[in-house]
Each structure stands twice: as C-alpha cells, then as structure tokens.
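Subject: The structure we talked about

Hi there,

Here is the structure I promised to send over. Have a look at it first, and then read my notes below.

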Amino acid sequence: MRPTSLINNCTALVFILILQTFSFAQPQSRWRVMLLTLDERGYYDTAFNYVQWLGQSAGCPADLSEQIDYQLGLIHIEAVRKNRMFLNRAEHLRAARTLFTKFLTEHPDNEFVFEANTTLGELLLDDGRNELTRSTMDVTPTTEREPLRLSARNKIESALLYFETADKLAVTAARKILDAGGSPDNNPVPFGRVIAGKMLVNITKLELARTFPQNSGEFKTRMQAAAADFAKLGTKYIEYAAGFDAKLYAAKAYHELGDFKESRVLVSELNVLSGDEFTRIITESLILTIDMNTRDGNFADSIERIKRWDETVPRMYKESRGGQTLYLEAAKMYAAYAESVKGNKAEHSRAIQSAVALLRQIHPQSQNVYRDAQQLLSTIRPSRQTDNGNVSENGTDKPKTFNEALERVADEFGTLMAVRNDMLSATDSARAEIQKSFTEAAARCRDAIDNALRLRDADVPITDVNRLRLQLVSVYNILDMKNEAALLADFLAQRYSGEPDADQTASLAMRLYRSLFVDEMAAYKTNPARDPSAIVEQMNRLANFVMTRWRDRDVASEVTLIRLDTEIESGNYGIVKTLLDAIPADSNAKAVGLLRVGQTYWNKFTRDLRLPENERPAKHELETLLESARNSLEAGLNRKRELISNGEPLDGQTVHAAFALAQICMNLDDKPDEASRWLNDPTLGAMTVIRQPPTDTTLSDLKIDANIKLNVMMLELRVLVSAGNLDAAEQAMNELETIIKNEHGDNDQKLTAVYILLGRQLEEQLHDLRENGEQEQVTKVEKVANGFSMFLQRIRGRDNNTFQTLYWIADTYYRLGSGLLNDSDNNENIKSSTYFKGAAATYKTIIQKIKTDPTWLPMGAENTVNLRLAESLRNIGEREPAEESLRLLNSILTENELRIDVQVETAKTYQTLGKYETAMLYKAITGDKKVWGWNGIIKRTSTNVERFKEIYYDAYENKMQCILKIADKETDKTKREKLLNSANTELNHQKTLRQNQTSEPLQQKLEHTQKKIQQAIGK
C-alpha cells in the first residue's frame, strides 16, 4: 500500500525514490506485510481498524508507534485514490488532513515529516485546482467565479507553505549527509526528496499564477518566473528524469504565455527522448508540438511524429488519459489540415479519414475527451470510401470489413450526437421536424453497429466488441428500446465483470430497469393486467450480483438506493429497513436513503391517519410509523448537513425532508421551537432557501413551487404564533401577503384561499391533538388555541386591515372553535363557544365596514360573509345567537332560495334551536315556507346522489339525529316507538337503495346512527 502520487505528473524517478520511503512499500515488518496484503485486496476499512488496534495495543511495534496517525492518514488517501472508500470522499480527505496535521505537531522530527507535508500540500492543491476549474466553467454563475478564484488562490498559497516546508526539510537533511561525506549515489532517497521538493514548489507557483486573469500583469509576471525556474531546474537535474519533467513544465508555461519560440526550444529537446520511462513526457511534449505546428501550418512534421508515436507507444498508455488526449489533438490537427487542402478532394478525404481513425481510438470511458471527440466527428462528417476506392457521399454502400464497419459506426454515431444536440437546442416548433432526422440517425447507427458486430472475427479484441455493445445500449435507449438496452447492459456487466468500467455498466443497467419499472407502474394504474414484478425480479438479480461483486464500491450503494425506491413504490415496506441497513453508515448514499425512507414513512402516516376508523392501523402502529419517520429524517438531515458543508450542493429532497420534519414537530408534537429549527436551518431549512436561495440554485431546482412556498410560509406563521412570538408572526404574515401579491398580483381570491387553508391546517392540528385523548394533548390543544387567539386579537386591532385579513381572522376563529368543538350533546364545550363568538364579532366588523364603504368588499362576497356569520352564531350554542343566525339566513334565502349551502345551514340552525323548542326539530326535518328542511334537501339531491353525495348523506344523518331527539322528548311510548321504527325502516330502505353508491365512511356514519335508533327502540 502506498499513498497517492505527490502531485499529478511528478517525475518517474523522483516518484520511485519517494516511494521507497513509504512504510507500506517496506515488507520487512509484519505489520507492513499485513498492510501491503490488505492494500492489494482493497480492504482499507480493515487496514484502518488494524492500525488503530496496533496503536492501542501494549505490544505496538516500535517502528510504528510514532507513525500511527501518519499511517492512518495514508490509508484514507489510498482509499480515495483507488476508489475503494469506506467513508465518503470528503470525510476521507478531512480525516487525512487532521491525522497528518496531528502527526506533524506531535512528531516534528520523524523521518516521514517530508511525506506528511507534501501530502497535505497536495490535498490543498487539488482542492484549489478544482475550485479554479469551477471558476472558469460556463455553468458557474458569474457572481461566484471571482470568489471561487480567490478561494482557490488561498488554498494553493496554503499548499505552497507545506511544500516549501518540505523542501527546506529535504535540503537540510541532504546537507547533513554531504557534510558527513555522503553522496546522492549512496543516499538516493534524501536527495530524491530534494528534487521532489523543488518540483512541487515550482508546480504550485505555476498553479498560483493561473489564479490570476490571463491578461493581467500579475499572471504574466508569475508565469514567467515559474517558466524560468523550471528551465533552471531542467538544466540542473538533466541527468535525472526530473530534469526533463522540469523542461516540460517550462515549455507549458511559455506556451501559456504565448511565447512559442521559447516553448519550441524546450520541446525540441524532449521530442528526441525514447523509452517507456519517458512515454508521458514524450506524449505531453508532442501535444504542445502539434498545437504549435498547427499554428504555423507545419502539418507534415506533426503527421510524421503522430505516426511514430502511434507505432512505438504501448497500447496501455494509448488508452490512458494522456494518450486519449493526444488522439483528440491529433484529430484536430488533421481536421485543420483537411481544411487547408480543401481544393484537393483526394487529399482532403484522406485527411478526414485519418482524423476519423484517430477519433475512433477514443473510448467512451474517457468522458470529456470522448464527448469532444464525438462533437468533432459530427462537424467533419467524413465521406466514405468503398472497397474499389470510389468515394461515396451518401454512405449507402455497405462496409465489407470490420474496420470499415467501425468507421461507419463512428460516422453514424457522430451524426447521431450532432442531430441530438441540434434537437436539444431547437425551439419547440423546430424540434418536431428534427425528431424525424434524429430517429432515422439512431436507426442507421443501430444498423451500423449490428453490421460491425456481424463482421468481427476471432482476432478482434473483446474490448472493441464491448465498446460497440455499449454504444448499442445508448442507441437502444435513444430509440426508446429500454428493455433491450437494459438487458444488454446487464449482460455486459455480469458477463465481463472484470472489465475496468463494468460496475458503471451495471449502474447503467439498473437505471434502465428503473425507468422501465416507472413506465410499467404508470401503465398498471390504468391497466391492472400490466405486471411490473418481472422487472423487479431482474433488478433484484442484478442488485444481488453488484452487492457480491462490488460491495465496497459506490455502485453498490447507488444500486441499493434504486432498489429501495422500487420496493417502496411497490408497497414492500418490510424490506425497506434491510436495504437501508445494507448501505454503509458513512456513505453519501446513506443520507439519501434515510431521507427517502423517512419521507415515505411520513407520507404513509399522514395517509393512514386519514383512513376511516375501521381501516386505520392501531394507535401504537401509527406511533411507531411516526417515530420511524422522525428518526430517519433526523439522521438523514444531520448527515446531509455535513455533506453540504463539505461542498455537496443542496437538493430538493433535503429541503422537503426538513419541511416534513418541521410538520411532524408542529402538527403532532406541538413543539414550535423544534419546528422552527428545521424550517430555519441555515443550511437546509425551507424558510432559509425561500428567503435567500443558494446562489447556484433556484427554487425550481429545489422543487419548491408557489404552492409549496405558501405552505412553508403558513407553517412558519403557525410556528411563530404557537411559540408566542407575536412580533415575528405579524412580520411573517405581512411577508406572506407580500409574496402572494408579488406572485399573483392583486388577487383577492388567492389571498383569501391561502388564509382559509391556513385556518383548516390549524383546525386539523387541533383535531389531531384532541384525537389522542390524553390530558397532555388536551393541554396542548388549549395552548395552541390560546396562542392563535392572542395573535388574532392583536391583528384585528390594526387600523389598516384589508378584507382578506379580517376574513382570515374570522375564519381562523371559526376553525379554532371547530377544532375544539365537542361532539357530545351532553357536554357543551364553553371553550369552543369563545372562539365562535370571536368569529361572529369579526364578521360583524366586516359588515360594518361594508356599510361605510361598499367598495371595500370584493364583489359578490356579502352573502358569503353573512352565511359565515350565521354559522358562527349557530355554533356558539346559545339561543339568542342561533335566532339571530336564522334571521340572517332567511334574508339570504329571500334573495336566492336555491342556494343549497344556505338551506343546509338553515336546517342545522333549526336543529340547534330544537334544544330549546321541539317544534324547531320538526321544522329542521320538514322545512318552513322557503326553507326545505332535511327532507327537502334529501329529495332535491337524490336526483344526482353522486354529485351531492356528502350533502345527501349528511342530510340523512341529521334527519335521524333530529328524530332521536324528538323521540327522547316524546312521553307517549307508542308514538315514540312508531317514530323510531319508521326511522329504522327508512334507513334499511336507504341502505338497500344505495348499497352500491354509499362510500364506506358515509355508510359507517349511517350505521352508527341506526345503532343508536335500534338501541332507543330496545333491540
């Protein structure tokens, strides 16, 4: 086991010298042999535990005791380097920094302080380079580019300090050896460190120059200094590979400065090198040569050098990033050459064919290089040459050999990518026309790949065959042949699992299966004959293979997450915990899985809570579900917060999970402080991102639309009121109104609807707390209601209240009363009466304002206000308010007798007055003049029960309640029995008549009433 190379492109000789100093490369001690063995197998978590155990053991080897922190840091670095991580990348790097820093502080004279300093410098330099790259990307917002550049500069400057310290340590150690009569030949490691230290210092200075704009004087001054320093190092260490590496860096620096003369002088010294040990230097030098030759129009020299390179460089290096980059640059050169000989058709064609042949050498795993290669391929659009040497412009000829077929595939695939790019950038109207060309290009590409696969013989490497098959997967997917794409990718992943990118192919197959599953589930909703279970089985087989073959790689967690989503959507909740436990505790995927499971449990809890009582799970099951939701969400969010602090972008799932947790804290626990903490979490709180979205993210990216924004703001208002923070609550209310106005204009109906929804949410909260039945919850109900009552009184006293605000106050008073209303006839709820009185008083204030200014009220709203006032007066539960309500209702019916909502409320008011006068119960049933009563409402809604279902059955329920009350007051036993038997018979008839129309909740309601009637009869 060894640490990552000190710096990208460090010299081969220096690296070998440095490598000799690393403990994992020294097999003489048992612990070193053990670590080397674990490194070969990639068991870095075991290696970490092993070193920790040795450090805590009384028998810790003497040569390890001072190095514990250093060795642990190396394990973290190596795990990242080989992509065999047992933590996430950010945590590995953070842990490595901490351990190396601790090692340097506690053991400043240890033999490995040079390596510890250079490794710390490398970590910072890599971070700085990444930020510098991000600052130049088009996708990075303009406002972020300069801060990123400055941050990169700070990190690179910090890295330079570590490298300079390492350099001084190396020089001091080398001088001591020289003073004692030693020499570099007898002491290669210390003197190798000197060379490495000098190189690292200069590389970092060069990177520091790049943090300044290229047209600035600072960039030029620093880059010229770096170039000169590298040139000196190249001359000083010319007997080592390091000297040639220094000359290469100097050539690159002069090239960046535009000083091609100096760059070419240095490159000419490098181009004559030979031997495998110089392959990288030769390649990178050739890339510079090609660029400068192209600028000068000296294509012949480049063509000769490219051919010689292609003939001498090992295949392994050709497929490395350096080799793939050279193929791309060489193809660009041939494309430029083709342009320069456009008049010579034959030469132009040969140049294009050469460019295509080079581009074909670039494989998809090279990612950005491959993407650029495909774009170039799509622009040069080569003509094809037949076996007889004739050029075919339309490409209708069919290749006869495998190599010709490969050329055809490259051409067709490049064309497909070009058309795809055209379609993605086209307007909606133009896209439909391009779609046809796109489909045709995909079909041609598929045929070309099929033909190439048929023409292959035994000598064709399987790598080339599988590359074609992967292209075929992409084409299948483009043609919406997802099943074929998934099966082929699955086959490649499992059959050729030893290939370098087989795990990524498995990931692709899993995602394709997932897409198929989503399609099947959508079809299943309308066609139950569709069965997605077969796809689930295929997914599970592939997932099990991945877990067996690549358990310690990121793909295992990715596949498990896909499986987790699929099992959740299939309703298989029993396996969810098992899958979640299979994801490593410290992986990024664990946080995602926890949030998905927590959100699933929360959604299921809210659905189950709304089920009819006979279908609802037992109370302890609901409590377990809720606790599982809370625990998963909290654990996932705490983990997410760490990841975001380490650079991971905020996503919509995280924000929604935090909002769900705030709802749990508020709606069911009545813990406003905790709810507020999650709503306003500075990293992932919904209110935080609404008030100030991250600079590189929009609310749309976070899946926060207008309705979700309003729901978050309403919860924030409820939280503040419940916490008694009335000043902030009033400010939140003003903010809510401003947002609605900004997004919807002067839309009175929208604002009113939002306020009504807020009242309903409050009513549901009170109802849920009351449903618990425990005294503690009853106390919470009263606390929540009192808090809102105080807030409503405060807002109602303002002079500048709009109609919407006052209407919200009245409606919320009403909702408070409804949430506290006791259904028992024998126990009048005085507390609910208080809130209904508040509602009535506010509605009267609105009516009074109307009399002063009729235009103050939205058009057509006066009768609605009068109806709501009537409802509030009735629910007070006292005679005089109920009689006042009846007068209001009669006046509305005088204007419009057909308003069914008013008819229902009038019947309810008669029913309420029946408490004081039995005749009112009869009027509630039979009606009076223009009042329909429950009988009239039943008759008029029976013609369309499906449309008026709720009103129809509610009327029956209330009618039976009236009969029960009349029977209860009837002293004549015969009349009483006749009345009750008649009601029972009517209900039996109703059940028979509507047995296929009644929904279960309504049926249960009527059955409950019928049981009361039967009990009253004595049955």
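Let me start with a term that comes up throughout: a residue is buried when its relative accessible area is under 20%, exposed when that area is over 50%, and partly exposed in between (1.4 Å probe, protein chains only). You will also need the rule for naming parts: helices (H or I, at least four residues) and strands (E, at least two) are DSSP runs, numbered from the N terminus.

Two notes on the source. This is a predicted model, in which local features need pLDDT of at least 70 and side-chain atom pairs count only at pLDDT 80 or more, while totals for chains, interfaces and linings use all residues. Residues are numbered from 1 along each chain as its sequence is written, and side-chain values use heavy atoms, with hydrogens and water left out.

**The whole protein**

The protein contains 45 helices and two strands. Of its 1019 residues, 51% are buried. Contact here means heavy atoms within 4.5 Å. Among contacts between residues at least 6 apart in sequence, 64% join residues at least 24 apart.

The expected span is 1.5 Å times one less than the number of residues. Within α24, the buried residues are I535, V536, Q538, M539, N540, L542, A543, V546 and M547. What covers them? The cover includes α22 (482-495), α23, α25 and α26 (576-582).

Helix α18 (residues 368-380) has 13 residues, which should span 18 Å at 1.5 Å a residue, and its end C-alpha atoms are 19 Å apart, which agrees. In α18 you will find V369, Y370, A373, Q374, L376, L377, S378 and I380 buried. An α-helix has 3.6 residues a turn, so residues three or four places apart point the same way.

**The nonpolar cores**

A nonpolar core is a set of buried Ala, Val, Leu, Ile, Met, Phe, Trp, Tyr and Cys residues joined through side-chain atoms within 4.5 Å. The largest one has 129 residues, and F230, L359 and I380 have the most contacts inside it. Another core, of 70 residues, lies apart from it and has V865, L869, A907 and L987 among its members.

Leaving aside neighbours within four places in sequence, F230 is in contact with M199, N202, I203, L206, A246, K247, Y249 and A250. N202 is found in helix α9 (residues 188-209) and counts as buried, at 7% relative accessibility. Not counting residues up to four places away, N202 touches D229, F230 and L233.

**Salt bridges**

Side chains of opposite charge can pair when their charged atoms come close. A salt bridge is counted when a side-chain nitrogen of Lys or Arg is within 4 Å of a carboxyl oxygen of Asp or Glu. How many salt bridges does this rule give? The count comes to 51.

- E269 bridges to K247, with the closest N and O atoms 3.2 Å apart. E269 lies in helix α12 (residues 260-270) and K247 in helix α11 (residues 241-257), so the pair ties together parts 22 residues apart in sequence. E269 is partly exposed at 33% relative accessibility, while K247 is buried at 7%.
- R264 and D296 meet at 2.9 Å, N to O. This pair links distant parts of the chain, with R264 in helix α12 and D296 in helix α13 (residues 279-296), 32 residues apart. R264 is partly exposed at 30%, and D296 is exposed at 55%.
- R514 bridges to E569, the closest N and O atoms being 2.6 Å apart. R514 is in helix α23 (residues 502-526) and E569 in helix α25 (residues 554-569), 55 residues apart. R514 is buried at 17%, and E569 is partly exposed at 39%.

There is also a network of salt bridges, which links D126, R129, E207, R210 and E256.

Enjoy exploring!
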